[in-house]
Every structure is written in C-alpha cells, then in structure tokens.
Amino acid sequence: MPTFNVSAPIIIMALLIILVLGSVGTYLVLSLTGSLAQPVDTPTATITKMPTASPTLERPTFTASPLPSPTPLSYTVQADDSCLAIAFAFNISVPSIITENGLSADCLLSVGTVLRIPQPTPTATPLATNTPSSQQATIEACQKTFYVVKENETLGQIAAEFEVPVETIMEWSGKTVDTAFYGETLTIPLCLRSSVAGSTVTPSPAPDYPAPELLRPRNGEAFTLNTDSITLQWAAVSDLRENEYYLVTLINLTSGQNEELTVAVKDTKYLVPNSLRPTTNIPNIFQWYVIPAAQIGVDQDGNPEYRHGGPPSDPSYFTWVGSSVQATP
C-alpha cells in the first residue's frame, strides 16, 4: 500500500476544523428543533441602605414652681381692739392688715369681724456647716450677755459699766456708729473684757440665768375702762441669790415721750401702778420685758447699780384704755 507522510501541524489543523464543524452542526440542529435554551437575564439584587434616623434631642422645659404663700390666720375682733394692737400682737404692720382685709385707711374695726392676719415672710435658714470656722467657734464659746439701752445712755457709759471697749461692743452688735439708741439691744462679749480707762479688769463668770419667759398678760392683750389694775407675771429662771433681782421695765409707747419705769423685784410678778393708767380713751400701747440682774453696789447718789445676769426676755405688748377725765393725783 502506498505510504502518506502527514506532518503534525496539518493533523492539528484538521482536528480543529472537525471540532468547529461539529459545533456549528449541533447548534443548527438544536435551533431547528427548538431545543436550544435561551439565556435569561437574572437581575442582580442591589442592597439599598436604609437611612438611619438621627435622634433629635429635645431641650427640657423647666417650669418654675411658685413658692407656697403662707396661709393667713384668722382673728375675731374683740371689744376695744385696734389695728395697732393687733399688729403688735401678731408682729406685722398695720398696712398689711388694711391691705389683706380691704379696710379703709383709718382701719376702723367692728366687734365680731373676722380679720385675715397675714403671716410674716419666713426667713430662709442658712445651711449649717459641719466644721465651724475658728472665728465662729470663738463666738460660740464666748461668754456674752445682752443689754437694752436705756434713755439718755451712751455707748461709752455702757462700755464702762461692763468693762468692755466701745469698739468691741460695736463689732459684736453689728454697729457702724458709736451711738447708742434708746431701746436698742446690744451684745456684750464678757469674754473679751480688757483694759478700760487704764485699769486691768479680770474677766467675770458668764451670765448664770436664761432669758425669763413672760406669761401674763398675753402678747397683744387689750385692757378696757373696767380694768382697775394689771399684773405682769413671768416664769422664774431659778432661785435668786441674796443680791439678785428681776429688773422689770415698762414703757408707754403711745405717750410720745416713751415714758419708762424700771423696778427691781424678788417675786415673779409685778402690779402695774395705777399712776401709769392712761388719762384718755385712746388705747395706749405698753411694752415690757424682764432681765435677771445682780446688785453690784450703789452710785454716788445712793441709787443701786445692777449688772445683768442673763439676756432679757422677748418684749411683750398690751394696750390699756384710760378715761377722758383727768385722773386725780
């Protein structure tokens, strides 16, 4: 048989042609029979990010709560009552009574009328500190007494009596002027006694007694024409020693001259002299207070001298109606 020599490139080309022809023929057959599957486009899902809601911070609205108003008290007008006496009794002003009750400017009252008594505005109490300062500790530890200035007294006389410098009394009493005013209460630091008028003074013990508690008449009580006498009464602070007394001070605030009477008694009551009874039918307002004291000697006129043995009582007030006829001495 004849021999054919075929090179390798020719064989490879022939195989490629056969593969191409076979693929084309297969495609045509499938197309004619409808068996060729058409490609279907599958959509690609796109992830859409949802917007994140940013929280909106709302500014809180603060509503100021009004401070509670003190509820007014009620008081029924008694016979011989006056706006001035009621104001003294409740420690308020006459205009506040007029405003609260819609009264006329002359503040006329009728017996049996129920008045609304406004309460005084409370004072906020400061917060206490756990550790007091050295100055505060010195003030609390200091032995002190309280003195009510009498008529025509000077600060120098008071300083000499208690043997405490004027500047010290001014500082402890919160004064800015070296003038003593009638009825003013001064704080006397006995622990700071020093050289007065060139003499060295030895500090004396602290006051022995607390302030007396006034019992009768009640604060703001009114006495009429039918009242023949008035008795002042207070609670005993202790058993008084031989040279100790109660100094009772009574002041008529309505007279215009602030007539004052001070007496020393051993008992816990004092009968108001009938000579102090008002001579008009206008209610007179009297102020009175009590101070425990010790007699330390007599002055050049032979009058007894006293040193206070404790703070004075809180002042109390009462009214007294006299007669329109001049009293017989």
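Hi everyone, one definition before we start: a residue is buried when its relative accessible area is under 20%, exposed when over 50%, and partly exposed in between, using a 1.4 Å probe and protein chains only. This is a predicted model, where local features need pLDDT of at least 70, side-chain atom pairs count only at pLDDT 80 or more, and totals for chains, interfaces and linings use all residues. Residues are numbered from 1 along each chain as its sequence is written, and side-chain values use heavy atoms, leaving out hydrogens and water.

Let's begin with helix 6, residues 166–173. Helices here are DSSP runs of H or I with at least four residues, strands are runs of E with at least two, and both are numbered from the N terminus. Thr-168, Ile-169, Met-170 and Trp-172 of helix 6 are buried.

What does helix 6 meet in helix 5? Val-166, Ile-169 and Met-170 touch Leu-155, Gly-156, Ile-158 and Ala-159 of helix 5, contact meaning heavy atoms within 4.5 Å.

Now to the strands. Strand 3, residues 144–148, pairs with strand 4 in the antiparallel sense over five bridges; pairing requires at least two DSSP bridges between the strands. Within strand 4, Ile-188 is the bridge partner of Thr-145. Four of the five residues of strand 4, residues 185–189, are buried, so the strand is largely enclosed by the rest of the structure.

Last stop: Asn-252, which sits in strand 8, residues 244–252. Asn-252 is buried, at a relative accessible area of 7%. Thanks, everyone!

Conventions:
Axes are lines fitted to C-alpha atoms, for helices over the stretch in contact, and angles run from 0 to 180 degrees between N-to-C directions.
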